[in-house]
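Please open the model in your viewer and keep the selection tool ready. The tour below goes from stop to stop, saying what to select and what is found there.

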Amino acid sequence: MSARIAVLGAGSWGTALALQLARQGHEVRLWARDPAQAEAMQRDRVNERYLPGFALPENLSVSADFDACLADVDRLLVVTPSHAFPETLERLAPHLTPEMGLAWASKGFEPGSGRLLHVVAEERFGTAMPLALITGPSFAKEVAAGLPTAVTVAASSPEFGETWAGLLHGSGFRAYYTSDLTGAELGGAVKNVLAVACGMADGLELGANTRAALITRGLAETMRLGKAMDADPRTLMGLAGIGDLVLTCTGDLSRNRRLGLALGRGQSVDEAVAEIGQVVEGIKTSQETMRLAERYGVDMPITEQVHGILFKGWNARTGVKVLMERDLKRETE
Ligand SMILES: NC(=O)C1=CN([C@@H]2O[C@H](COP(=O)(O)OP(=O)(O)OC[C@H]3O[C@@H](n4cnc5c(N)ncnc54)[C@H](OP(=O)(O)O)[C@@H]3O)[C@@H](O)[C@H]2O)C=CC1
Ligand SMILES: O=C(CO)COP(=O)(O)O
């Protein structure tokens, strides 16, 4: 059944998900915070700034009027960068009802506290509010192009997970659902930090063995954190974990991987971020992941190196040496 859906955040991912929902026959209202951008998108029927080349269909409208976008909608989906998630919740609060429920597709933690976004939402709206996160290996450009993609919807109840999977599912886009919000959020956030590490190794031309080692040992440290935070390990072995980790560590569409590549080739963080011109979640997420690692007493050496390189002036080549010279240990501990 077709629904009226507000998508809040008109970057590359918000636009691609709005397109996918519109393809399924829903009436989609996309909110852009910049009035000039909203006007240009509504007029030219394309998101020239964040997702050029994909025509917006008639059943997708764009506006900078937040309240008008949310008036009388059946469902709403937040797709801002994670640092804007708490303020977006405050703005949407007067419109939100338990019948509507809250969904989001941002990947990251609350800045300054490291809290998972579902914990932030639960604290704001209570445990009766249905919550769902859309995550998994999904580059916006490929979804917009209609290339086959599989994601997972992690939700506070199987019914709400199935609802969102049903809204999105179709036209070569396959949506699974799960109830492990913690595992799904950890997988989607920490992989951005690990993609910076893989990009750096590739920028330094360290070869395919290094890349495979970083992906595998990166998964090991994510699983250690997941265990400490009661995530289901099967989630981290699925689309939200290894799936997104492999995509982001190896696919050059990844902004996090591209940041790493630039750093490995000797560019500064500021230069690289300016050149990418879009959100690079791994930067803030490296800080918050270190906060979580310390809070839960979990060893996360790759994350620690990325964080040190981004924030403390550590050297990327030295970082690899430090990782290689760690004490001998069992693989599976
Ligand atoms: N792109 C992708 O392939 C995927 C992205 N994601 C996740 O989706 C989230 C959004 O990323 P993405 O769309 O790619 O980012 P982009 O960099 O493409 O776009 C960011 C968008 O967020 C808007 N924005 C920035 N700050 C705020 C704010 N405070 N309030 C409201 N809007 C704001 C920007 O508006 P303005 O132009 O006015 O600055 C812009 O429209 C991230 O968490 C990302 O990890 C997940 C899966 C795939
Ligand atoms: O999350 C993504 C794909 O699943 C997008 O990754 P980047 O943010 O690194 O571009």
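At what angle do H8 and helix H15 (residues 301-311) pack, and how far apart are their axes? The angle is about 70°, with the axes 9 Å apart; axes are lines fitted to C-alpha atoms, for helices over the stretch in contact, and angles run from 0 to 180 degrees between N-to-C directions. This is a predicted model, in which local features need pLDDT of at least 70 and side-chain atom pairs count only at pLDDT 80 or more, while totals for chains, interfaces and linings use all residues. Residues are numbered from 1 along each chain as its sequence is written, and chains are lettered from A and ligands numbered from 1 in the order in which they are written.

**First stop: H8 with H15**

H8 and H15 are therefore roughly perpendicular to each other (65 to 115 degrees counts as roughly perpendicular, under 35 as roughly parallel, over 145 as roughly antiparallel and the rest as oblique). Helices here are DSSP runs (H or I, at least four residues), numbered from the N terminus. Select Val193, Leu194, Val196 and Ala197 in H8, which meet Ile302, Thr303, Gln305 and Val306 in H15; contact requires C-beta atoms, placed from the backbone, within 7 Å. These contact residues divide into 6 nonpolar, 2 polar and no charged (Ala, Val, Leu, Ile, Met, Phe, Trp, Tyr, Cys and Pro count as nonpolar, Asp, Glu, Lys and Arg as charged, and the others, Gly among them, as polar).

**Next: H8 with H11**

Now select helix H8 (residues 181-203) with helix H11 (residues 239-250), which pack at an angle of about 25° with their axes 8 Å apart. H8 and H11 are therefore roughly parallel to each other. Residues of this contact include Gly183, Gly187 and Leu194 in H8, and Ala240, Asp244 and Thr248 in H11. By class, the contact of H8 with H11 has 7 nonpolar, 6 polar and 2 charged residues.

**Then: ligand 2**

Around ligand 2 there are 13 residues, of which Ser138, Thr248, Ser254, Arg255 and Asn256 come nearest (near means a C-beta atom, placed from the backbone, within 6 Å). H8, H11 and helix H12 (255-264) each give two or more residues to this shell, and the largest share, 3 residues, comes from H11. Domain 1 (4-179) and domain 2 (183-325) both contribute to the shell, so ligand 2 lies between them; the domain bounds come from an automatic or database domain assignment.

**Last stop: ligand 1**

Finally, select ligand 1, surrounded by 28 residues, with Gly11, Trp13, Ala84, Ala140 and Gln278 the closest. The shell around ligand 1 has 11 nonpolar, 12 polar and 5 charged residues.

Notes: Two residues are in contact if their C-beta atoms, placed from the backbone, lie within 7 Å.
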